[in-house]
Amino acid sequence: MKKDLLYYVSMAVIVIYMYLCNVMMPLSVGDDYVCSYIWDGSSGWNIYLPLPENARLIQSFSDLFQSLHSLYFTWTGRIVAHTLAQFFLWQGKTVFNFFNTIVFVLLLLEICWIANQGKITWKIEGSFFRWVFFSVWTFGLAFGGVVFWLVGSCNYLWTNVVLLGFLVKYIQQYFAEDRGKNRRSKAIWMFLAGWCAGWTNENTVCFWLLLLFIYAMKRHSIWKTWQWSGLAGFCLGYMLLIAAPGNYVRKAYEQSSGALTGVKALESDGIMLIVIFVVQVLLWFFILGNLYKKKQFGEGKIAKKYLCLIKAFCLISLGSLLIMLFAPAFPARAAFPSMLYLIIAAALVIQLQKHTGKNRMELKARYLLYSIGTVYLIISMSSTLYGYCLVYQQNQINEMQIDNFVQKEEKGIMQCSPTVIPRWITVTTTWHFVHAELEENPDDWKNVAYARYHGIEGAKLMESNTDTP
């Protein structure tokens with residue numbers, strides 16, 4: 001009873017905290033404001049250029065579909081992600097805050113479900129649920145950019161929840177191997193789910209597609225209709241993602257605009273790869289240490305299934321990172337899927353240890369790690385929330401200034417004060433705090449979108465000489 005209470009209290013605390021951070025985080029200057037408008041790349045316009053004079057805000061489903069159609073052919077194939085992003089930008093940040101909080105908790109639950117042999121249940125051990133949250137919070141490089149930033153969240157958090165939700169049924173079947181009845185309705189739903197899941201992320205889906213195909217060929221005689229239809233939808237979704245004409249338009253533009261190429265690109269990507277591995281090193285150490293001594297888990301059927309799945313998640317985690325070396329850019333947020341798969345692999349190890357009773361870590365060591373982790377969570381979560389409070393406060397001031405500017409029908413460029421963020425916030429929040437400012441040039445693409453959105457002639461950032469220690 002006490003354990004159940006701690007589990008629900010933990011979930012409540014996480015929900016409240018994540019919701020507060022979402023509320024405090026305003027629309028981000030840049031992509032959030034540009035993507036609020038109907039995308040029209042027919043004349044060569046793209047996100048890095050100031051909005052055209054005839055740009056219109058998305059105000060209906062017709063506008064949304066028109067925007068997505070143009071996006072697909074002139075900028076990107078990530079239609080699932082941008083459907084979510086532009087829908088929430090149309091509906092408003094308040095709606096997004098609520099659903100984004102739910103989706104983050106759903107991500108934690110999906111990790112728990114996969115680690116628990118795909119069993120979808122609310123009855124999860126409280127300590128295990130808290131460990132999953134701690135891992136996602138601690139090892140999620142660029143956490144703020146993929147969880148709190150609206151466009152970033154739709155591109156990474158939401159799409160991975162869609163992908164993992166699709167995979168849960170395959171994990172469940174992998175462990176259960178039941179020979180129940182095939183239902184046509186389930187096959188249809190799995191095809192649609194696979195279609196959406198395959199249309200999410202280029203550097204991740206390809207590896208899952210390969211793994212599912214190999215496993216399907218190995219087990220083709222006992223695979224059910226819904227598994228085949230899900231795989232077919234998965235293939236279709238990925239094909240539509242990769243074959244989008246907009247991908248090649250964007251690649252050509254970014255190369256022509258001076259994106260890093262050659263030796264400099266390799267150096268930059270290499271540094272990013274090293275940083276990611278440094279952040280993930282504890283997870284790798286824990287997983288590989290247990291795989292090295294896998295004989296301790298015995299030769300049972302369940303143990304073999306766990307070990308095979310652990311290796312699969314590790315390989316996909318590694319593959320989704322290494323493939324980014326061939327991408328035009330390697331931002332830190334691209335490591336988010338890799339981190340998730342590594343955490344799932346570690347979660348599977350923990351569940352395997354519980355299943356076989358082979359937890360080798362001494363009690364003192366567990367208490368030490370628990371104490372260090374608790375201190376880190378308190379410091380990083382507190383400072384992150386405080387940082388977003390500062391951003392929220394400054395955003396309220398800017399909006400009041402904009403209202404006065406509009407009511408008085410003032411002309412010219414409105415000057416916005418920068419958000420003063422103490423240097424200690426940057427250190428203690430690690431990678432959980434994200435904030436974008438306007439540029440000092442009012443003609444910058446971010447400033448033009450911001451001014452157009454708020455109905456003023458122009459906006460720019462005031463020069464700040466303040467350096468708060």
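**Strands, a helix pair and buried side chains**

Strands β1 and β2 (residues 458-461) run parallel and are joined by 4 bridges. The model is a predicted one. Strand β1 covers residues 413-416. Across from I413 stands G458 of β2.

Helix α19 spans residues 445-454 and is mostly covered, with 8 of its 10 residues buried. The buried ones are W445, K446, N447, V448, A449, Y450, A451 and H454. At the start of α19, D444 places a side-chain oxygen within 3.0 Å of the backbone nitrogen of K446. Just after the helix, G455 has a positive phi of about 75 degrees.

Next comes a pair of helices. Two packed helices are described by the angle between their axes and the distance between the axes. For α10 (residues 184-198) and α12, the axes come within 6 Å and cross at roughly 25 degrees. Angles under 35 degrees count as roughly parallel, and α10 and α12 are therefore roughly parallel to each other. The crossing of α10 past α12 is right-handed. On the α10 side, the residues that meet α12 include K186, M190, F191 and W195. On the α12 side, those that meet α10 include W226, F234, Y238 and L241.

Helix α12 runs over residues 225-242 and also holds Q227. Is Q227 buried or exposed? Residues under 20% relative accessible area count as buried; Q227 has 3% relative accessibility, so Q227 is buried. The Q227 side chain reaches the backbone nitrogen of K224 at 2.9 Å. Setting aside neighbours within four places in sequence, Q227 is in contact with Y170, Q173 and I222.

S320 belongs to helix α15, residues 301-322. With a relative accessible area of 1%, S320 is buried. A polar atom of the S320 side chain lies 3.0 Å from the backbone oxygen of S317. Which residues does S320 touch, not counting those up to four places away in sequence? They are N203, T204, F207 and S338.

In short, Q227 and S320 are both buried. The side chain of Q227 reaches a backbone nitrogen, that of K224, and the side chain of S320 has a polar atom 3.0 Å from a backbone oxygen, that of S317.

Definitions and conventions: Residues numbered from 1 in each chain as written. Predicted model: local features only at pLDDT ≥ 70, side-chain atom pairs only at ≥ 80, totals over all residues. Heavy atoms only, no water. Buried < 20%, exposed > 50% of the residue type's maximum accessible area, 1.4 Å probe, protein only. Helix = DSSP H or I, 4+ residues; strand = E, 2+ residues; numbered from the N terminus. Pairing = 2+ DSSP bridges. Polar contact = N/O pair within 3.5 Å; in protein donor to acceptor, adjacent residues only side chain to side chain. Contact = heavy atoms within 4.5 Å. Axes fitted to C-alpha atoms, helices over the stretch in contact; angles between N-to-C directions. Parallel < 35°, antiparallel > 145°, perpendicular 65-115°, else oblique. Left-handed = near helix turned anticlockwise from the far one by under 90°.
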